[in-house]
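The questions below go through selected parts of one structure, moving from element to element, and each reply works towards the name or value asked for.

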Amino acid sequence: MRTKRGFQLYTGMWLLAVLLLALMLIRTVGDARIINYSGLVRGATQRLVKEEMNNKPDDELIVQLDGIIYDLQTGKGDFGLTKNNDKEFQRQLSELNGVWSSIKDEIYAVRSGRSKLELYTLSQQHFEMADRLVLQAEQDSNHKLVNFILVYFLILLLSIAVFFIVNKRNEKTLETTVSTDKLTGLLNRSGFEAAAENLLQQSKGNYTVAAFDIDNFKIINDSFGYVQGDQLLRAIASALKHWKNENYLCARLDADDFILLSEASDTFASELIAVLKLAAEEQSFLKPFGTVGITYGCYQLQNNDEPIKTIMDKAKLAHKAAKASADKSLVWYDEHLLEKMMRERKLQEHLQSALSNEEFELYFQPRVELSNLQIVGAEALVRWELPGSGTLYPDSFIPIFEANGSIAELDFYMLKKVCRYLHERMIQGVELFPISVNFSRVTLYREAFYETFHAIVDEYAIPHDCIEIEVTESAFNDIADIVLQMLNQLDEEGFPIAMDDFGSGYSNMNLLGSLPLQIIKLDKVFLQEADSNERVKGIIICAVELAHTMGVQIVCEGAETQQHVDFLREIGCDFVQGYYFTKPIPQRAFDEKYPHFEQRNLLPHRYMTKSDISMVPNWEKRSKRMFEEILAETYPGFLSLRNEKHQIVYLNQNFRNWIAKYTDVDPLGKTNIDLAAIVPENVADTFMQCHDGSLDLQKDQDNITGVKKLLEFKGAAGTDEPSQYFDALKYWVTIDGAKYIFTVAYDVTELYQEDMVNLQNALTDSLTGAQNRRYLIMNSEKFYGHYATVFDLDHFKAVNDLEGHLIGDKVLRDFVNFIREQVPGVLAMVRLGGDEFLAVFQSGESAEGILESLKQARTRYESLYHQHAKLSFSIGIGLLKAPIEASLGELDQLMYEDKHRNR
């Protein structure tokens, strides 16, 4: 709109100038004719007098001179003259007309015989007056011309001044628009960089920069909606704007990422945390969500001459370290952090060579069968023998590889080592034993996991029951259907599936029946706490009972004393691992210590025990006490028993308390349908979900794994209360000869939210923050029909070779941010691999508009990054269509054509 108004102003001023110029030209022509005709009056009168004195009358000339004089006086005659309104000209013309009248009278008197002397005298007087009249006309014309020229140039100068002022204002407006975040009104990335650089150059004080973001912001958006999420961002921006007035800058970089620069003080961090905490607490819609966390990374500037990008990178490194820490929300950048980051970076870069040089050593920790204390298997563990650094334990490098996705290479490397080891035993004719191999959640979600796993196992012809697939409990939460199907397939092929660290997050008993498990490994924390807490012992007992009920074998980790072993043998635990027997030892030491193994027994198929002494819940003797006093009343979720008519005959106190929030009616004897009729609508919907998931006695009584369902407890209608999520497992049990439905439900809201974050992380490129190729594959259907662009960075290899990989990584991150900020309509930004990216555009965007935006962006990018080996990028634009890989291939071809044209 501003551009349109400016254009109209400029056009109007120039049209006025052109109009004045035209008027000036027209008036000049008119004045020239007046001068000419004034001269004609002078000359024609002299000719007329001469003719009359020679007795040659010319009445036609007299009439013509009358007409000219009349036209000069009025501008209404037949000669088309314009009236000259100059007063002096008109005065002289009037006097001249008087003399002309006398001349005419004298002419008629001469024709009657009078003397010609008076006529001659009048003609001389007329000539002098006419001469002065011509001169006056010329002076008046020149005066008008000068005035016109002055006015014209005045307008020209005025238009130039207005143009300059308006242009400056537009530049300032454009600069503000380009440097300001539209949502919050704070500076954006480019605006912050420019303003911060200027502030630091002008100031001599000490400064601190802080980078921070909102914990689980995506969950807030998903739970409350983007409108409320934007409201929170604006509230934080408002708090930042009003925090300080001078020597202070703050900006929103992207999504919920903020950065600020302020004069350093001892209370800087505490003040900032307090300000933002208050801003979040004032958002009433967040109360059901609980405390909103914010993670900070801070850097105390050592030198104001540091490049602003370097300053920001240091704050972001500290922020990244804080995000990776489980117990810190604020991390300061210092040399120790830099050393740690560099050390981690070196470990990442050294991974491939470490795999090639076989620096990762295979360690074993034996698994002991408690019934006879015989070694019946082992868990494969890894140690990194890093040259110059000694032995590195898994917690110093596994999290790094999990974060960048390279853990899969290490997992398969260890699988290959285990298979090679078992193959050598087969060649030597030595008895084999089952070995559990750990797999990360990241590895499980790898597209070719099944094929890669089988290729390694089949290469060495290892019996399937000798390779246990061990996965941590958290990896099973909200597990994708495709991964669950794959695990079921492996289970059917005879590969035992083991759940590691069971109970480390929460005792999610319902996972036991719904997953293809043959082994669970109880986390070592239980045995550690059991030494001082009798109730924890009860929970261990229940875990063993439940595992046996469902045909799952149980391994208890962390046995360090004789008392631990005796306790586990007493309660019927199957296997044990721990330092009491041995710590993890290298493969050769393991072979020397345990040279012989008994013939292994295959794991039985999963089953549900029907005996009275092991059924859970069992209403007799010790099991009844454990169920009622330990599990039922300490289990953090809901437990219930329903009869064949689906009426509640038992429920634990947690479940009873939850129902009591909505009704005073005793739930005993009621069905889910009965309860749905007397509770609020949002809760009624949950009870109906429970009813829809009820078991059918005839169809489901032989279903030994039960029925699992995720229940959504919606927030009360008309409130901001978010949904809660419960995992529910139901299966038939027999108590004193009668059939009951045993239901276990656990609040997994927090875990559901965490898994949504984990899923987001699994679909995000850890280096650049863009989505990864897996995200594109998973969401390809909703992108079909959208225009997309494949990017490839030109001369990027030269940056890596000449400036190093740290600078190269930064160039990749900056490129993603540049496209998001500078190219309108980008719906998703995906890193396809290396320096190749894909941008998917919103529906409605045209190919022509996208191409024009990208060309302009490329020009700006080349200008910004000319110092990095003349960086640029090539593009290929087209519609995404199925299949996605073929579509990407077409875009690749278009991109390479563009690259060839630009060379």
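Q: Which elements are included in what covers the buried residues of helix α14 (residues 449–459)?
A: In this predicted model, the buried residues of α14 are F449, F453, H454, I456 and V457. These residues sit on the same side of the helix, because they cover an arc of only 165° around its axis. What covers them includes α12, α13 (441–444), β10 and α15 (481–492).

Q: Which residue just after α14 takes a positive phi?
A: Helix α14 spans residues 449–459, and the residue in question comes just after α14, with a phi of about 50°. That residue is A461.

Q: Which strands are joined to β10 (residues 467–472) by four bridges each?
A: Strand β10 is mostly covered, as five of its six residues are buried. On one pairing, S436 has E468 in β10 as its bridge partner, and on the other, V471 has M499 in β11 as its bridge partner. Both pairings run parallel, and the strands joined to β10 are β9 (residues 435–438) and β11 (residues 497–502).

Q: Which residues are linked with E470 and K521 in a network of salt bridges?
A: The side chains of K521 and E470 meet in a salt bridge of 3.2 Å, N to O. This pair links distant parts of the chain, with K521 in strand β12 (residues 519–522) and E470 in strand β10, 51 residues apart. K521 is buried, and so is E470, and the network that links them also holds E379 and E557.

Q: Are E306 and K314 buried or exposed?
A: The closest N and O atoms of the salt bridge between E306 and K314 are 2.8 Å apart. Since buried means under 20% relative accessible area, E306 qualifies at 16%, and K314 qualifies at 18%. Both residues are therefore buried.

Q: How many residues apart are K810 and D814 in helix α30 (residues 805–822)?
A: The side chains of K810 and D814 meet in a salt bridge of 2.8 Å, N to O, and both residues are buried. An α-helix has 3.6 residues a turn, so residues three or four places apart point the same way. In α30, K810 and D814 are separated by about one turn of the helix, and the number of residues apart is four.

Q: Which residue is joined to S262 by a polar contact between side chains?
A: S262 lies in strand β3 (residues 257–263) and is buried, with a relative accessible area of 0%. Not counting residues up to four places away in sequence, S262 touches N206, Y207, T208, K244, N247, Y248 and F268. The side-chain polar contact, of 2.8 Å, is with K244.

Note on methods: Residues are numbered from 1 along each chain as its sequence is written. This is a predicted model: local features need pLDDT of at least 70, side-chain atom pairs count only at pLDDT 80 or more; totals for chains, interfaces and linings use all residues. Side-chain values use heavy atoms; hydrogens and water are left out. Buried means under 20% relative accessible area, exposed over 50%, partly exposed in between (1.4 Å probe, protein chains only). Helices (H or I, at least four residues) and strands (E, at least two) are DSSP runs, numbered from the N terminus. Two strands pair if DSSP finds at least two bridges between them. A polar contact is a pair of N or O atoms within 3.5 Å; within protein, one must be able to donate a hydrogen and the other to accept it, and residues adjacent in sequence count only if both atoms are side-chain atoms. Contact means heavy atoms within 4.5 Å. The arc is that of the directions from the helix axis to the C-beta atoms. A salt bridge is a side-chain nitrogen of Lys or Arg within 4 Å of a carboxyl oxygen of Asp or Glu.
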